[in-house]
Amino acid sequence: MEENYDVIVLGTGLTECVLSGLLSVEGKKVLHIDRNDYYGGESASLNLTQLYRRFRSGADAPESFGRDRDYNVDLIPKFMMANEELVRVLTHTDVTRYLEFKQIDGSFVYRDGRISKVPANEMEAVTSPLIGLFEKRRLKKFLEFIQNWKDDDASTHNGVDLDRMQMIEVFKKFGLETGTQDFLGHAMALYTDDEFLHRPARETYDRLILYVSSVARYGKSPYIYPLYGLGELPQGFARLSAIYGGTYMLDKPVSEILYDDEGKFKGIRSGDEKAYAKQVIGDPSYFPGKVKTVGRVVRAICLLQHPIPNTGDINSVQLIIPQKQVNRKNDIYIACVSASHNVCAKDYYLAIVSTIVETEIPEKEILPGLQLLGPITEKFVSVSDINVPLEDGTKDQVFISKSYDASSHFVSIMEDIRDIYKRVTGDELVLKRRPRQEEEQASMAAGQVS
Amino acid sequence: MSAHRNSGAQAAKVFNFKLVLLGESAVGKSSLVVRFVKDQFDDYRESTIGAAFFTQVVPVDDSTSVKFEIWDTAGQERYKSLAPMYYRNAQCAVVVYDITQSASFEKAKTWVKELQRQADPDIVIALVGNKNDLASRRAVTAEECQTYADETGLLFQETSAKTGANVGDLFKAIAKKMPLDSQKQNQRTGRNSSSGPTRPTVDLSGSEAASTGNCAC
């Protein structure tokens, strides 16, 4: 490792791996290090041994759970929206080649003590038991308005200015009840708290469109999920980086970050070895002095032997408990996948219940979610800090990613990736389509002839 | 993609298999593949850069062919950083050592153990002693390796990516050992087939064009 690189990347979380892949493809010489002996950092999917090492001090998992290698347990629960930008990054880089995705079977919302399917379109909305009879007409009008909106056609605007009006004003204009606002903002726009109501309406509009267009893409829900767990995503991008010359070192502790006299990043030391680069990208855990904690997330990984009750016995589910339903400020999320996604042994299900911590007893806060799961075979609870960098890296050339937040998709991760990319390279991220494998092989064969 | 399909010209059944390469750095893993796929050799080949994997079709008989999807390590083996994804659904593996480096044969044995631990239990493994054009510098005898291969249930072949000796035979031997039973293949592959009993997987790239029209109502 005693060499000079363009960029050193610390941690193999998704954010770091995507950046590493993009930079390697552009010809940057990248050294990518992780202190763990597995890929993925905080966004890893662990097998049983790794899971018990992390949560049970290395105790053995019960034999009844089945084979170690059948498990790929996500540490953070997320589903990918079919139309979100990360999907484009996957297809443009041809990383999809290494992955296989399945639809998530359904998305549900908890309201007034009942679990109901989130309507996927206005047809479903008008038949949904979630919405009262008179409210249905108003909701239908609102959804039509959202989907017909064209920026350059004032006749579609209904007197609304998406950039100058707050979302609450738009809701009021359509006469939508609080319950419907709640449902639109939390179950469809996927806001985890109510701040969106007082933000420019454009933001909520964009997220509603993302939801609706994602549902339209595959049908059952807006979500897709990679077989073998979310940990496949960082692995896929790490492979992309390696193919373009990126050097990978797992199980490599970082003993020291080295700076020059002006406090600029110079390199890293691992034991007696040193490696040098002009820039470093890394997750917050590698830079404890350069980040601050802005919140905490509590997550309970639950192993079940049955689907989540009242969801129609389907294999994969997102279930949202909007904050108001349980007198909270932040929603409780439940994400459930199963053996059919190759993340656990046959006849098992993995549900992760999570929320932003609001009190001193985080585990109690997720109780409303846990109570919806039925009998829980095993449960692993963790509370993680959400850390963000103190500075943007221009001064010291240290570019730190944000911790994974409580949101249920990858939109905020992709925003962070774009942002870091711009700060590191000075350019906006423009996705260029990489040649697919067939094209690559064909062009190499052609080169041989000439 | 289906597990088998007609290739227009011969109307032969083609079975897809994922093949992974393993072995110490610089034993000639990539060179073997380049020889196999392009019948080419470069004395000063740089460490693997730029190729995710190659595909190559091997005819087995008049009506059947095997299409190998060959994954290279991309150098991730160098610091023990191969991702589990690499082994995932691999149906065959070529474990390479250099006949002039006895340490590389020891390393090959650990890769075989790793495969037995991580990969599909039915995986077909071929042990390959490369660089047999350098016979004068031989440090590992073919007998020793043949014995080990027999005991462990591996195919064994000595090759030279440089001269091309036995490279075609090696892949042909692997092709012959693959289970050419589409039903069985369907059960065993996750990739490139409709896996799982519930529903086929979704194709991200295929549907992108369809969804570019922003509003899909």
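Predicted model: local features only at pLDDT ≥ 70, side-chain atom pairs only at ≥ 80, totals over all residues.
1. Of the 217 residues in chain B, 42% are buried. Contacts across the sequence are worth a look here too: among the contacts in chain B with a separation of 6 or more, 70% join residues 24 or more positions apart.

2. Next, the layout of chain B. You will find seven helices and seven strands in its secondary structure. If you trace the chain from the N terminus, the elements come in the order β-β-α-β-β-α-β-α-β-α-β-α-α-α.

3. Now for the nonpolar core. Which residues have the most contacts inside the largest one? This core has 189 residues, and the residues with the most contacts inside it come from chain A (Ile8(A), Leu350(A) and Ala351(A)) and from chain B (Leu19(B), Ala93(B) and Val95(B)).

4. Over in chain A, have a look at helix α12, which covers residues 411–425. Its 15 residues reach 21 Å from the first C-alpha to the last, close to the 21 Å expected at 1.5 Å a residue.

5. Why do the buried residues of α12(A) line one face of the helix? The buried residues are Ile413(A), Met414(A), Asp416(A), Ile417(A), Ile420(A), Tyr421(A) and Val424(A). Looking down the axis of α12(A), you would see these buried residues fall within an arc of 155 degrees, so they line one face. On the other side of α12(A), Glu415(A) and Lys422(A) are exposed. As for partners, the buried residues of α12(A) pack against α1 (14–25), α3 (85–92), β13 (273–282) and β19 (398–400) of chain A.

6. Finally, a word on confidence. The model has an ipTM of 0.83 and a pTM of 0.91. In chain B, the average pLDDT is 81, and 76% of the residues score at least 70. Please read two stretches of chain B with care. Over residues 186–199 of chain B, pLDDT stays under 50, and the model has 28 contacts beyond four places in sequence for this stretch. Residues 207–217 of chain B also stay under 50 in pLDDT, with 17 contacts beyond four places in sequence.

Methods
Residues numbered from 1 in each chain as written. Chains lettered and ligands numbered in written order. Core = buried A, V, L, I, M, F, W, Y, C linked by C-beta atoms within 7 Å. Buried ≥ 20, exposed ≤ 12 C-beta atoms within 10 Å, placed from the backbone. Helix = DSSP H or I, 4+ residues; strand = E, 2+ residues; numbered from the N terminus. Expected span 1.5 Å × (residues − 1). Arc of directions from axis to C-beta. Contact = placed C-beta atoms within 7 Å. pLDDT = per-residue confidence, 0-100.
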